[in-house]
Amino acid sequence: MTAVAGDGVRDSADFSTTIADATSGELSSAYRRCRAIAAEHGRTYFLATRLLPPERRPAVHALYAFARTVDDIVDHGASEGDSDAAHRLDRIERRLRERLDGGPADPDDPVLAAVADTIIRYRIAPQHFWVFLAAMRMDVPGTALFRTRYRTMAELREYMRGSAAAIGLQLLPVLGTVVSVPEAEPAAAALGEAFQLTNFLRDVGEDLDRGRIYLPTAELAAFGVEEELLRHCRDSGRVEPRLRRALAHLIAVNRDLYRTAEPGIGLLRPGVRPAIRTAAVLYAGILDEVERQDYEIFARRAVVPRRRRLRVAATEFTLRRGRA
């Protein structure tokens, strides 16, 4: 199917060979490095990506690797007191801007080389990357934007606009749509936010250890949950009833985001829908696991069992082949 005129997405025929086949040795190596990062750190993400048409996978790996690299800088800076984290983010943004303005690729930074190539190939709006980097600065001590608490869901969603929704918007031109990109953007942004909120619900303990609370404090307080109680639950490894009720409420909010995003899958090119549907089902499955373990998020990390991950992926693969 050809792209809708003016939607900023190239037809897949423009990429009949994979990026690795069509680029220089150094750039091919850069994309392979991004694939390795995705395989190592993003189990659900990487599994879903394998359902994409082969010519689109390298670009998705590049976007993941870029986000992961930035996230690692931020997390290291917060946990280790790395005062250089803000400067490293500034340097990444400066070098990416220079590359997009026609500057030379940096052979010592394969992730940056691959993501810059992806932006250019798929005509992704660079603004999505500047919004993402601005949100990441909100996690870095010493920056003007730094904060560790969000009082309301509206405040948290403003953060997620950059940290999560922007990534969904980065992906859209790579995945391709059957409508104009602007028509598909709200659902893509909602799915990014849904994934991010699932992470926050799963990782409350890890975030507390880094001095952060990403769940809206006013909504927690409505259930009688203050920071002191959160820390007590973390230290004891047990979730008290007030926190259990708050988590149940926020999981319902999270599921509503998934419902908002679900119609957007049908706006994507048919060939990429199985991958995105798989990612959505498996990430939402983390919420099922939190409930299954009675919200004991501090005792164990909620993960979708490998057997279920493979079963969901196999089902989507079979459906994709049946529609081909």
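Residues are numbered from 1 along each chain as its sequence is written. In this predicted model, local features need pLDDT of at least 70, side-chain atom pairs count only at pLDDT 80 or more, and totals for chains, interfaces and linings use all residues.

Helices are DSSP runs of H or I with at least four residues, numbered from the N terminus. Helix α13 reaches 36 Å from its first C-alpha to its last, close to the 36 Å expected at 1.5 Å a residue, the expected span being 1.5 Å times one less than the number of residues. Its buried positions (under 20% relative accessible area, 1.4 Å probe, protein chains only) include Leu243, Arg244, Asn254, Tyr258 and Ile265.

| Partner of α13 | Residues |
|---|---|
| α8 | 153-175 |
| α9 | 181-202 |
| α11 | 217-221 |
| α12 | 227-236 |
| α14 | 273-292 |

Helix α7 (residues 127-137) is mostly covered, with nine of its 11 residues buried; among them are His128, Trp130, Met136 and Arg137.

The structure holds one cavity of 30 Å³ or more. A cavity is a set of points on a 1 Å grid over the protein atoms alone where a 1.4 Å probe fits but cannot get out, and lining residues have an atom within 4 Å of a point. The largest cavity has a volume of about 60 Å³, the space filled by probe spheres set on the points. Its lining includes Phe200, Asp207, Arg212 and Leu230, and helix α10 (residues 204-209) gives the most to this lining, with three residues.

How values were computed:
Heavy atoms only, no water. Helix = DSSP H or I, 4+ residues; strand = E, 2+ residues; numbered from the N terminus. Buried < 20%, exposed > 50% of the residue type's maximum accessible area, 1.4 Å probe, protein only. Contact = heavy atoms within 4.5 Å. 1 Å grid on protein atoms, 1.4 Å probe; cavity = no way out; pocket = protein on both sides within 12 Å on 5 of 7 lines; lining within 4 Å.
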